[in-house]
Amino acid sequence: GGGSAGTAGTLTLLLGEGTKRLPQAIIIGVKKGGTRALLEFLRVHPDVRAVGAEPHFFDRNYERGLAWYRDLMPRTLEGQITMEKTPSYFVTKEAPARISSMSKGTKLIVVVRDPVTRAISDYTQTLSKKPDIPTFESLTFKNRTTGLIDTSWSAIQIGIYAKHLENWLLYFPIGQILFVSGERLISDPAGELGRVQDFLGLKRIITDKHFYFNKTKGFPCLKKAEGSSKPHCLGKTKGRTHPDIDQEVVQRLRDFYRPFNMKFYQMTGQDFGWD
């Protein structure tokens with residue numbers, strides 16, 4: 001932005017200028033964990049500017065280069081944080097090295113949720129797009145009789161958080177990764193947002209004054225969305241009703257995930273209370 005000192009700041013604001021910067025913080029996961037809710041809540045903060053759509057740069061579009069990626073970003077003023085979210089980064093083998101080579105200082109946020117409900121939610125999303133897929137039960141097991149779980153099915157694979165996290169810790173110190181509870185994001189949005197704002201070095205501007213609980217949706221919603229005066233709940237694709245899953249299968253999955261969950265609690269120093 002041009003202009004002389006003094007009026008330059010005001011002018012920049014008026015002209016909608018600012019600079020496109022590479023993100024200093026990325027929501028890297030996890031699919032069906034609550035990443036869209038977190039991003040929409042964060043965008044209420046005047047010092048957060050974020051890309052709406054998922055760029056999928058570090059997994060699918062890496063060959064397009066950093067200049068392409070930077071160009072997708074919104075313009076920011078001094079002191080504002082540029083953010084994006086692509087939940088599949090967390091499970092992408094190459095993503096940690098790629099993000100680290102952009103900037104070792106990138107702050108990473110992972111929204112995690114009970115792996116069993118996450119898997120059912122993942123299945124529910126797929127089902128809404130392809131109504132003729134096999135049942136959840138039949139996809140869960142390699143062999144129903146032996147009860148061997150098919151860990152190659154992505155719905156199951158994504159929830160083995162400890163395994164994916166190990167890959168990130170080869171490139172980033174644990175203190176540079178914030179783990180947000182998807183459950184608490186719903187039960188206490190202001191509390192979780194407090195932690196996120198602290199982690200990002202932002203003033204705690206988003207508080208419980210910003211939220212109301214929508215009983216129909218079973219979700220907290222914003223009294224005012226970013227850049228609007230209207231209340232805003234997430235769209236129809238969020239908070240879908242899950243199909244009823246055989247309780248025996250659910251129990252089997254709980255047992256399967258337990259050791260991985262314990263390892264994850266240990267690694268993060270946080271007990272998410274999933275079992």
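**Figure 1. Pairing of strands S2 and S5 in the predicted model.** Strand S2 (residues 25–29) and strand S5 pair in the parallel sense over three bridges; two strands pair if DSSP finds at least two bridges between them. Helices (H or I, at least four residues) and strands (E, at least two) are DSSP runs, numbered from the N terminus. Ala 25 stands opposite Met 83 in S5. This is a predicted model, in which local features need pLDDT of at least 70 and side-chain atom pairs count only at pLDDT 80 or more, while totals for chains, interfaces and linings use all residues. Residues are numbered from 1 along each chain as its sequence is written, and side-chain values use heavy atoms, with hydrogens and water left out.

**Figure 2. Strand S5 and its burial.** Five of the five residues of S5 (residues 81–85) are buried, so this strand is largely enclosed by the rest of the structure. Buried means under 20% relative accessible area, exposed over 50%, and partly exposed in between (1.4 Å probe, protein chains only). Ile 81, Met 83 and Lys 85 lie on one side of S5, Thr 82 and Glu 84 on the other, and both faces are covered. Strand S3 is joined to S5 by three bridges and runs parallel to S5; Val 48 stands opposite Ile 81.

**Figure 3. The five-stranded sheet.** The strands form an open sheet in the order S3-S5-S2-S6-S9, with parallel pairing. At its edges are strand S3 (48–50) and strand S9 (177–181), each of which pairs on one side only. Neighbouring strands of this sheet are turned by 25° against each other on average, direction ignored. Here axes are lines fitted to C-alpha atoms, for helices over the stretch in contact, and angles run from 0 to 180 degrees between N-to-C directions.

**Figure 4. Strands S6 and S9 with helix H10.** Strand S6 (residues 107–112) runs parallel to S9, and five bridges join the two. Val 111 stands opposite Val 180 in S9. Helix H10 (residues 189–199) packs on the sheet and touches S6 and S9, its direction making about 170° with that of S9. Contact means heavy atoms within 4.5 Å.

Figure 5. The 15 residues of H5 (residues 115–129) should span 21 Å at 1.5 Å a residue, and the end C-alpha atoms are 21 Å apart, which agrees; the expected span is 1.5 Å times one less than the number of residues. Asp 114 caps the N-terminal end of H5, with a side-chain oxygen 2.8 Å from the backbone nitrogen of Val 116. Among the buried residues of H5 are Val 116, Arg 118, Ile 120, Asp 122 and Tyr 123. What covers the buried residues includes helix H6 (136–140), helix H7 (154–157), helix H8 (161–168) and H11.

**Figure 6. The disulfide of Cys 221 and Cys 233.** The structure holds one disulfide, a term for a pair of cysteine sulfur atoms within 2.5 Å. The sulfur atoms of Cys 221 and Cys 233 are 1.9 Å apart. Cys 221 lies in strand S11 (residues 219–222) and Cys 233 in the loop between S11 and helix H11 (247–268), so the pair ties together parts that are twelve residues apart in sequence. The torsion about the S-S bond is about 100°, so the disulfide is right-handed. Cys 221 counts as buried at 1% relative accessibility, whereas Cys 233 is partly exposed, with a relative accessible area of 22%.

Note on methods: A polar contact is a pair of N or O atoms within 3.5 Å; within protein, one must be able to donate a hydrogen and the other to accept it, and residues adjacent in sequence count only if both atoms are side-chain atoms.
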